[in-house]
Amino acid sequence: MNDFLAARMQMAFSLGFHIIFACIGMTMPVLMAFSEWRWLRTGKTVFLDITKAWSRGVAIFFAVGAVSGTVLSFELGLLWPTFMQHAGPIIGMPFSWEGTAFFVEAIALGIFLYGWNKLNKWVHWASGVIVGISGVMSGIFVVSANAWMNSPSGFDWVNGKAINIDPVKAMFNAAWLEQSIHMILAAFISTSFAVAGVHAYLILRKGANAFHAQAVKTALIFGSVAAILQPFSGDFSAKDIAKRQPAKLAALEALYKTSKPAELIIGGIPNDKEEKVNYALHIPGGLSFLTHGNFKAEVTGLDKFPKRDRPPVLITHIAFQIMVASGILLAFISVLYLVFSINWRHILLKKWWIVLVACATPFGFLAVEAGWTVTETGRQPWIIYGIMRTEDAVSPMPGLHYSFYIITAVYILLSLIIIWLMKRQISSISQYYNSANEI
Amino acid sequence: MLTIIIIILGASFLLYTLLGGADFGAGIIESFAGKREEVTISKAMAPVWEANHVWLILAVVILFTAFPLVYSSLSTVLHIPLMMVLLGIICRGSAFTFRHYDIVIDKSHKYYTLLFRVSSFVTPIFLGIILGAMMLGRITFDTTKGFYEVFVAPWLNLFCIVMGIFSACLFAYLSALFLVGETTIERERKMYVRFSKRFMLLTMLMGLLVFIAASIEGHDLLSDFLHSVTSLITLILATFLCPVIWHFLNKQKNKTIYLRIGAGLQVSLILIGWFYIQFPVLIKMKSGSSLTFFNTQAPESTLQQLLIALLAGLILIIPGFIYLFKVFKIKSNSQ
Ligand code: HDD
Ligand code: HEM
Ligand code: HEM
């Protein structure tokens, strides 16, 4: 494997690994604080049990999130020193705010996880709320740094050097808001549906009980609201990309030729040689409408860009289809959930519904991984869009592929251990929590 | 402005050495202690280890924001030892948490423990190696010189390795002193006192070896110290604190707080002394030139924003930290 490809894969792998823990780290504190709050208000032990059971699992995810994040902050330099040399002073500000958020988070988390019997109940609850807020803040900061790579601003690029740096402008670049909103929603969707799915699966296996039923409900409240908002946020992002990064839009829609009106290409396999998409569903005027709100508008295709400036179409297009399909599926389940819980509560106890929720478990995280693939691969060949090429940023060290193999092996092993640990954790739930035995 | 940033960078490095160091050291001490001590050690570390390690992240972030060239140069030429540190950090953090949170206790705990101990030992060694390589002056960016000369030779040498072992001993010493105050069992307390003494002697010995190894490798560390009055004084004070701490260790009822202040002071003195002879150099290169705080600093506007973020952060963090340690360290001791 050549070193450049290895570096890209290592970055992708490490980020793809970290993002799972980051999503959990942003969402679970909110779910736990919500559940604890219900316990404080109602005094029902089932809410306390859920909070405690979750917090045991979450502690593991947090630790792995922290170490994999630490790895990332080094990897940016280990793999892309030239990028960091120029980008560091420009996007260092969001990273330093992120550092602050981590501190607050780590401190509050220590208090939340280990302070059950040492603190006033409301102080304990407040520490959980602080973990949630700082987790979301750190997500926003780091996504702004990434948004800057898509939409660089706050500096002038003169003779291969950044001058007149304005870190504030760089942080609040054109893409930060839509990317942050989309990311936070994504975190809530992916984690909530995964949590609801696992508890639904346990209901199927072990029969209904108060513990799992309440856990599914708590998670779905958050997940469904976010999942219904997400397609709107995604549409907002796509419209923005059409202006900001037309090559990325063309790649994710697999639009080889600039067209007016442009058709929406659903599914299919893009073929770069023939510049067409096989086996796809074509909706006339669809893309024109989605990007410009007008069925007749012109949409820029890949033909407007020289070959060496085009992102890989196949990966970007397929990843985009996976994200959107998962998004629509989850939004559909969410609408059903809200409708049922207003008027047809008995349906929520039906087996087919529980099976549906259980089947939805992986789709949120699938969409997160696919979405990041779209964003990052769609930015290629640029590491800083329009400014610096990825291949010019890579470390000159020979043998980078060895670190890729090692990191990959370690992360796969860690993932297996975590899955196994969670299984052990889950199988002991009914032993530790009484509400898990109540019908 | 630059001065304040350098002070904060130095402080976070110092705090990482003290707090993170005691965490690493705990893994080393555990290897020499018994089964039962594992519990004390885990209990002492669990609530604070994550917060302790954020100091490293802070230092890295300050480095790449304010001194980007230093960050990118280090991560290019010291790729291999940095990678080892990362692997150590991953393995150590995960193994510790798995051990602490795995509900079922069986054979798997043996593996967590093994991994935790090995990585607690390996990581500080490579941290020390990296520091050594920064000061030794063998670093070059001329990639035509060949892989070994550029990516291996600057850190794989006697001096750097001795620096690595010195760091591991220092961390173990810090940790042993810290643990003296963490246990209520007399037998355990005695054992940690013993460990503290042994690792104090070992650290002093390794400190001596650092000077010897330096001169073997042609880096005259001793005369550097002799030329700087401040550094010499800090070194002497740090050495003088040894008998003082020894005295407090011998007392039947240990005044934990004195031990901790003493150790903190010692490490701070050593680092300040080292900082003085290095300043303003961050990386000494083979060519004779060096990367310093001054020739790598980011533009004013960046430093200003960084400083705002750091100061705002400190206002939030310091009370938080004090609260965390109050809840877990002081209360648990008085119970
Ligand atoms: C649960 C996760 C999830 C779901 C259901 C969706 N997305 Fe998404 N999407 C993400 C998770 C995600 C993400 C992983 O969070 C990304 C990567 C970068 C970012 O900010 O969000 C992303 C990026 C992303 C981008 C690229 C943004 C950029 O490069 O600046 C577009 C155009 C969309 N999404 C559009 C959509 C549409 C039209 C959806 C309709 C259903 C959708 N997403 C559902
Ligand atoms: C956590 C969610 C993220 C995921 C899953 C992700 C995924 C990816 C992927 C798939 C690539 C490889 C692209 C390719 O080479 O085809 C990549 C590259 C990269 N990403 Fe991200 N990314 C994430 C967030 C971020 C953030 C927040 C940053 C920085 C602030 C970042 C910085 C980079 C860099 C520097 C590269 C390498 C250069 C490049 O390939 O353009 N990423 N990432
Ligand atoms: C979109 C991408 C990302 C998001 C949303 C995100 C978000 C988060 C969140 C919420 C946490 C805390 C939760 C936990 O500890 O499990 C976290 C941890 C961490 N992240 Fe990320 N992150 C992203 C990418 C990155 C990148 C690119 C870096 C490095 C440059 C990074 C560095 C870190 C570090 C160092 C930690 C550990 C902090 C601690 O000790 O608590 N993250 N991240």
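Putting chain A and chain B together buries about 5800 Å², and carbon and sulfur atoms give 78% of that area. Please keep in mind that this is a predicted model. On the side of chain A that touches chain B, α2, α3, α5 (167-171) and α14 (400-427) of chain A each supply at least two residues. Of these, α3(A) gives the largest share, with 22 residues. Sorted by class, this side of chain A has 45 nonpolar, 16 polar and 3 charged residues.

How many residues are in contact across the two chains? On chain A there are 64, and they are in contact with 63 residues of chain B. What about polar links? Between chain A and chain B, 7 residue pairs are in polar contact, counting pairs with both residues at pLDDT 80 or more.

Now let's turn to ligand 3, which lies between chains A and B. Its shell draws at least two residues from each of α1 (3-42), α2 (45-79), α3 (81-114) and α4 (121-150) of chain A, and likewise from α3 (49-66) of chain B. The largest share, 8 residues, comes from α2(A). By class, the shell around ligand 3 has 16 nonpolar, 9 polar and 2 charged residues.

Which residues come nearest to ligand 3? Of the 27 around ligand 3, they are His18(A), Gly69(A), Phe102(A), Val142(A) and Trp372(A).

Technical notes:
Residues numbered from 1 in each chain as written. Chains lettered and ligands numbered in written order. Predicted model: local features only at pLDDT ≥ 70, side-chain atom pairs only at ≥ 80, totals over all residues. Heavy atoms only, no water. Near = heavy atom within 4 Å. Helix = DSSP H or I, 4+ residues; strand = E, 2+ residues; numbered from the N terminus. Nonpolar A, V, L, I, M, F, W, Y, C, P; charged D, E, K, R; others polar. Contact = heavy atoms within 4.5 Å. Buried area = accessible area lost by both parts, 1.4 Å probe. Polar contact = N/O pair within 3.5 Å; in protein donor to acceptor, adjacent residues only side chain to side chain.
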